[in-house]
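Please read the report below alongside the sequence and the model, which are shown first.

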Amino acid sequence: MKTKHPDFNGEWRIIELPDMMDDYVEMEQHAPYIRLSLTNDGNASGEYQCGLSSGNIDGGVREFGSLPVIIFGFDGLDEMTQVVGGGWAQIRDDGKLEGEFVNNLGRFVARRIAKKKKAKRLTR
């Protein structure tokens, strides 16, 4: 039986990373983000980039009580050193994504990046 999960899909801009210094978070030209994609059966995949740390995410949605949470593993590079670990993410009541990269970046809060609307084509 398929369970209805909140919409984790899309790109999320990391706006809070309390365990890291601001200068680390801003070391790259790109704003820190998490991209997530979920299948109908709850499998999750994605990628992240924050400061000099970037990599891939792989996991799935699990229910804790009635709360859907993504439990994931991650692997990537942090300042050219390989990092692997685990983490979690959930959508809060205010619509923000909250979670943790355990033993790496720490806790985070992210907001969904609005999808750009496609421009309508003019027909002649």
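How many helices and strands does the protein have? The protein has 1 helix and 8 strands, where helices (H or I, at least four residues) and strands (E, at least two) are DSSP runs numbered from the N terminus. This is a predicted model, in which local features need pLDDT of at least 70 and side-chain atom pairs count only at pLDDT 80 or more, while totals for chains, interfaces and linings use all residues. Residues are numbered from 1 along each chain as its sequence is written, and side-chain values use heavy atoms, with hydrogens and water left out.

**Overall fold**

Read from the N terminus on, the elements follow the order β-α-β-β-β-β-β-β-β. The 8 strands close into a barrel in the order β1-β2-β3-β4-β5-β6-β7-β8, with antiparallel pairing; two strands pair if DSSP finds at least two bridges between them. Neighbouring strands of this sheet are turned by 30 degrees against each other on average, direction ignored, the axes being lines fitted to C-alpha atoms, for helices over the stretch in contact, and angles running from 0 to 180 degrees between N-to-C directions.

Of the 124 residues of the protein, 38% count as buried, a class that means under 20% relative accessible area, with exposed over 50% and partly exposed in between (1.4 Å probe, protein chains only). The protein exposes about 8400 Å², of which carbon and sulfur atoms supply 49%; accessible areas come from the Shrake-Rupley method with a 1.4 Å probe, and for residues only the protein chains shown count as cover. Among contacts (heavy atoms within 4.5 Å) between residues at least 6 apart in sequence, 42% join residues at least 24 apart.

| Strand pair | Bridges | Opposite residues |
|---|---|---|
| β4 and β5 | 12 bridges | Val61 and Ile70 |
| β5 and β6 | 9 bridges | Leu77 and Gln82 |

In the hairpin of β4 and β5, with 2 residues between the strands, Gly65 takes a positive phi near 70 degrees. The hairpin of β5 and β6 also has 2 residues between the strands, and there Glu79 has a positive phi near 55 degrees; Asp78 stands opposite Thr81 in β6. In the hairpin of β6 and β7, which has 5 residues between the strands, Gly95 takes a positive phi near 85 degrees.

Is Phe8 buried or exposed? Phe8, which lies in the segment before β1 (10-16), is buried because its relative accessible area is 0%. Leaving aside neighbours within four places in sequence, Phe8 is in contact with Leu36, Leu38, Val61, Pro68, Ile70, Ala89, Gln90, Ile91 and Leu97. The C-alpha atoms of Phe8 and Leu36 are separated by 6.5 Å, although these residues are 28 residues apart along the chain.

**A nonpolar surface patch**

Phe64, Leu67 and Ile71 make a nonpolar surface patch of about 260 Å², and Phe64 is found in strand β4 (residues 53-64). Patches are made of residues with over 30% relative accessible area and no salt bridge, like charges being joined within 9 Å and nonpolar side chains (Val, Leu, Ile, Met, Phe, Trp, Tyr) within 5 Å; a salt bridge is a side-chain nitrogen of Lys or Arg within 4 Å of a carboxyl oxygen of Asp or Glu.
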